[in-house]
Number of protein chains: 2
Amino acid sequence: MLRDEQRARVAVILVRARNPNNIGAVARAMHGFGFLDLRLVSDYPIALEDARSAVDASEILASAQTFATVADAIRGCRLVVGTTAVGERRREHRLETPASGAASIVAALSSGTVALLFGSEKTGLNNEELSFCDWLMTVPMHPTPGMRHASMNLGQAVAVCLYELIRDTPLAFEVPASPAAQAQDLERVTALLREVLLLSGYADHRASFAEPAFLRRTIHRLQLGQSDARRWIGVLRRILWKLNA
Amino acid sequence: MLRDEQRARVAVILVRARNPNNIGAVARAMHGFGFLDLRLVSDYPIALEDARSAVDASEILASAQTFATVADAIRGCRLVVGTTAVGERRREHRLETPASGAASIVAALSSGTVALLFGSEKTGLNNEELSFCDWLMTVPMHPTPGMRHASMNLGQAVAVCLYELIRDTPLAFEVPASPAAQAQDLERVTALLREVLLLSGYADHRASFAEPAFLRRTIHRLQLGQSDARRWIGVLRRILWKLNA
């Protein structure tokens with residue numbers, strides 16, 4: 001699990017992203033997973049106030065830094081990982097999936113800043129930008145015969161890559177395990193249901209279902225919780241009472 | 001790894017999604033990961049032709065079915081998993097993260113269709129919709145003190161949940177491992193570099209770096225590939241030739 005100080009050392013770098021809504025979606029994913037450091041590489045100012053898709057992530061957008069070049073944006077980073085919708089041409093780099101690469105990233109975060117580079121939606125990272133990367137990461141896409149290589153929407157690609165870094169985080173709260181029914185409760189349900197089957201006449205023609213061992217297995221398969229079992233006991237008692245009236 | 005026939009049995013069900021662009025983003029994520037069956041629950045027709053964010057996923061949108069109720073949409077499914085940006089109130093269901101829940105989903109896909117339910121962006125799934133679910137899945141979000149519980153953008157939530165089902169898919173092509181340099185290549189680099197250090201006068205004042213064992217360790221740490229090692233041998237030879245001229 002990622003410690004807070006490791007999380008703070010992840011720099012998400014968007015290279016030539018043009019659509020403010022995509023940048024907003026990236027900021028929202030970062031916010032949701034607790035990442036803070038967003039950097040943009042762009043040779044013109046980006047209208048981040050248009051990034052309505054950011055929702056709660058306004059702080060991340062407000063503190064995002066813009067750099068003119070990739071070299072400037074990665075200054076101070078000890079590991080630079082590029083992302084690519086890899087085609088046939090990218091073969092000069094070590095290539096990992098998010099699942100296979102996450103451990104290297106988490107290890108590097110113990111000793112410094114790690115940059116995750118994402119290219120523009122249209123073209124991805126170009127060869128010059130890729131040359132700054134120590135290795136590349138690609139999300140395994142499903143090959144579609146006859147179509148160009150599938151690529152991900154920028155916000156989704158960032159979400160999946162960041163998700164992989166936090167995926168073993170336990171939930172922030174405990175879901176109290178509801179107690180399972182105890183043997184005597186299940187025995188009571190079985191006995192009451194059998195009485196109902198006999199009294200209602202169901203068992204006259206389907207006697208095998210009313211056979212105690214068969215019925216007991218049927219009830220045990222339901223994996224009743226304690227409170228549900230007690231509710232069913234009440235229901236069956238009420239039915240018996242009516243049947244006996 | 002998910003087999004094709006398992007992949008075909010995943011039904012992504014969007015309940016009361018209103019924004020065609022969000023639906024398009026969901027379709028694009030499905031397409032990228034090889035899922036096909038998109039179902040919408042809506043009490044009015046949705047203008048799917050506006051879903052420009054779908055990119056290559058037009059087939060998925062074209063075959064998406066719309067249902068009036070959740071009960072109609074999940075007909076035929078053997079497991080129904082709801083997703084939730086879980087707050088404090090959802091405690092009646094078994095709750096899993098995508099990482100902890102994926103194995104159950106994959107197992108169920110061997111014997112039938114699994115529905116993944118996603119609620120509207122604004123409100124998520126309501127209690128009635130949740131009551132159709134066998135269990136719930138939530139992506140672990142980073143708690144932000146003093147803020148409402150973070151939720152994910154719909155397209156990103158679907159992308160992360162589907163990604164978890166395919167995350168162990170190997171890349172569709174092999175990245176040929178470039179052969180590592182062999183010992184004799186590294187020895188040659190070491191010897192040539194030592195000659196350069198001596199001839200250029202660098203070693204006059206920093207003799208320890210030219211010490212063969214030290215230099216050899218430095219070269220071995222570079223983990224050179226075979227072709228890179230041979231390139232460096234050429235470079236060093238050329239420098240020596242010039243130094244000797």
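Start in the middle of things: select A:Leu14, A:Leu38, B:Leu14 and B:Leu38, which touch the most other members of the largest nonpolar core, a set of 90 residues. Keep in mind as you click around that this is a predicted model.

Now stay on B:Leu38 and show what surrounds it. Leaving aside neighbours within four places in sequence, B:Leu38 is in contact with B:Val12, B:Leu14, B:Ile23, B:Val26, B:Ala27, B:Met30, B:Ile60, B:Leu61, B:Ala64 and B:Gln65. B:Leu14, you'll remember, is another of the residues that touch the most other core members.

Next, hop over to A:Val139. You'll find A:Val139 in the loop between β7 (135-137) and α7 (154-166) of chain A. Is A:Val139 buried or exposed? It counts as buried, because its relative accessibility is 10% and the cut-off for buried is under 20%. Show its contacts, skipping residues up to four places away in sequence: in chain A there are A:Pro98, A:Met152, A:Val160 and A:Cys161, and from chain B come B:Phe33 and B:Tyr163.

Select A:Leu199, A:Trp232, A:Val235, A:Ile239 and A:Leu243; together they have about 420 Å² of accessible area. Which helix gives the patch its largest share? That's α11 (residues 226-244) of chain A, with four residues. A:Leu199 belongs to helix α8 (residues 183-200) of chain A, and at 41% relative accessibility it counts as partly exposed.

Time for some charges. Over all chains, the structure holds 20 salt bridges. For one of them, pick A:Arg3 and A:Glu5, where the closest N and O atoms are 2.8 Å apart. A:Arg3 is partly exposed at 42% relative accessible area, and A:Glu5 is partly exposed at 40%. In chain B, select B:Glu5 and B:Arg3: they form a salt bridge too, with closest N and O atoms 2.9 Å apart.

For the last stop, select B:Glu129 and B:Arg16, whose side chains meet in a salt bridge at 2.8 Å, N to O. This pair links distant parts of the chain, 113 residues apart: B:Glu129 is in helix α6 (residues 127-130), while B:Arg16 is in the loop between β1 (10-15) and α2 (20-33) of chain B. B:Glu129 is buried, with a relative accessible area of 7%, whereas B:Arg16 counts as partly exposed at 23%.

How values were computed
Residues numbered from 1 in each chain as written. Chains lettered and ligands numbered in written order. Predicted model: local features only at pLDDT ≥ 70, side-chain atom pairs only at ≥ 80, totals over all residues. Heavy atoms only, no water. Helix = DSSP H or I, 4+ residues; strand = E, 2+ residues; numbered from the N terminus. Buried < 20%, exposed > 50% of the residue type's maximum accessible area, 1.4 Å probe, protein only. Contact = heavy atoms within 4.5 Å. Patch = residues over 30% accessible without salt bridge, like charges linked within 9 Å, V, L, I, M, F, W, Y side chains within 5 Å. Areas by Shrake-Rupley, 256 points an atom, 1.4 Å probe, with all protein chains shown as cover. Salt bridge = Lys/Arg side-chain N within 4 Å of Asp/Glu carboxyl O. Core = buried A, V, L, I, M, F, W, Y, C linked by side-chain atoms within 4.5 Å.
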